[in-house]
Amino acid sequence: MRIDIVSIFPDYLEPLRLSLVGKAVEGGVIDLHVHDLRSFAHDRHHTVDDTPYGGGPGMVMSPTPWGEALDCIAGADAAGRPVLIIPTPSGERFTQQAAQQWSRDDWLVFACGRYEGIDTRVMEHYARRSDWAGVREVSLGDYVLAGGEAAALVVIEAVVRLIPGVLGNSASVEDDSFAPGAMEQLLEGPVYTKPPVWRDLSIPEVLLSGHHGKIASWRADQARARTKAHRPDLFR
Ligand code: SAM
């Protein structure tokens, strides 16, 4: 999979060189490209923002460097059609389902906004372009971050760990909270490891029973109880 990220803070994306995603990049599963939006702004100060039409506080990111950056990334000789992902608090909620869908795509481009966000015409323009595979505006949740970089890191990690071969044990994805199938509307229950007693707290007896059926049924009960307690909105 190819991943491009455009930001005015390219160093913010350095954590993508670490851990699970870093290994996927090193191993060639991910072809990662980070671009500095300012290199597509040609005035002396490499300006990427301007005052909002209609007035109001803050600055808006100009469509001009964005258009140039995105056209340069997916130029005429591009091999494939990228999906443009734009993190924004006003987008649709990012979910495990979206992560699953994007883990099957060949090419994702992330546009990281700052200030009051990106001029809306950028989204409109690339949604109409047949050489792009669509635009998805996604929100991490009901709060406001200072920029799209942290959101892009989150989305990329959620997507990359679902690509076959990236996780050492692919079965762990199947038991995750929100995994398709039995866990789709559930949170994973509590997990334990050795030692069996830690600071007067023992692990539940059933986990030592070796009885796979009883353990599976206990885990399902725990998942339901936790979902009901922490996320009643998911519980059916
Ligand atoms: N004025 C915008 C609004 O109220 O919708 C907020 C802009 S925010 C200060 C700057 C950038 O941070 C956004 O363009 C987006 O890239 C990112 N951002 C902030 N909150 C986010 C969230 N909940 N999910 C995804 N991205 C977010």
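A polar contact is a pair of N or O atoms within 3.5 Å; within protein, one atom must be able to donate a hydrogen and the other to accept it, and residues adjacent in sequence count only if both atoms are side-chain atoms. The views below show a predicted model, in which local features need pLDDT of at least 70 and side-chain atom pairs count only at pLDDT 80 or more, while totals for chains, interfaces and linings use all residues. Residues are numbered from 1 along each chain as its sequence is written, and side-chain values use heavy atoms, with hydrogens and water left out.

**View 1**
Helices (H or I, at least four residues) and strands (E, at least two) are DSSP runs, numbered from the N terminus. A polar side-chain atom of Glu116 is 2.9 Å from a nitrogen atom of the ligand. On its own the ligand has 580 Å² of accessible area, of which the protein covers 82% (Shrake-Rupley method, 1.4 Å probe).

**View 1. Two aromatic pairs, Phe94 with Trp102 and Tyr126 with Trp132.**
A search of the whole structure finds two aromatic pairs. Phe94 and Trp102 form a stacked pair, with 5.9 Å from centre to centre and 15° between the planes. Tyr126 and Trp132 are edge-to-face because their ring centres are 5.1 Å apart and their planes stand at 65°. Rings of Phe, Tyr and Trp (its six-membered ring) pair if their centres lie within 6.5 Å; planes under 30 degrees apart count as stacked, over 60 as edge-to-face and the rest as tilted. Tyr126, at 2%, is buried, as is Trp132, at 1%. Buried means under 20% relative accessible area, exposed over 50%, and partly exposed in between (1.4 Å probe, protein chains only).

**View 2. Helix α2 and the elements that cover its buried residues.**
Helix α2 spans residues 63-73, and its buried residues are Pro65, Trp66, Gly67, Ala69, Leu70 and Ile73. Their cover includes the strands β1 (2-7), β2 (31-36), β4 (60-61), β5 (83-93) and β6 (107-111), together with the helix α4 (121-128). Contact here means heavy atoms within 4.5 Å. At the start of α2, a side-chain oxygen of Ser62 comes to within 3.1 Å of the backbone nitrogen of Thr64.

**View 3. His35 in strand β2.**
His35 belongs to strand β2 and is buried because its relative accessibility is 17%. Apart from its neighbours within four places in sequence, His35 is in contact with Asp4, Ile5, Val6, Ser7, Phe40 and Ile73. Of these, Ile73 is also one of the buried residues of α2.

**View 4. Val173 in helix α6.**
Val173 is part of helix α6 (residues 171-174) and is buried, with a relative accessible area of 16%. Residues up to four places away in sequence aside, Val173 touches Arg161, Leu162, Leu167 and Ala179. Leu162 lies 11 residues from Val173 along the chain, and their C-alpha atoms are 7.3 Å apart.

Most residues other than glycine have a negative phi, and most peptide bonds are trans. Ser19, although not a glycine, has a positive phi of about 55°. Ser19 is placed in helix α1 (residues 19-26) and is exposed, at 59% relative accessible area. Asp200 has a positive phi near 65°; Asp200 sits in the loop between β8 and β9 (201-202) and is exposed, with a relative accessible area of 68%. The peptide bond that joins Lys194 and Pro195 is cis, with omega about 5°, and Pro195 is in the loop between α6 and β8 (197-198).
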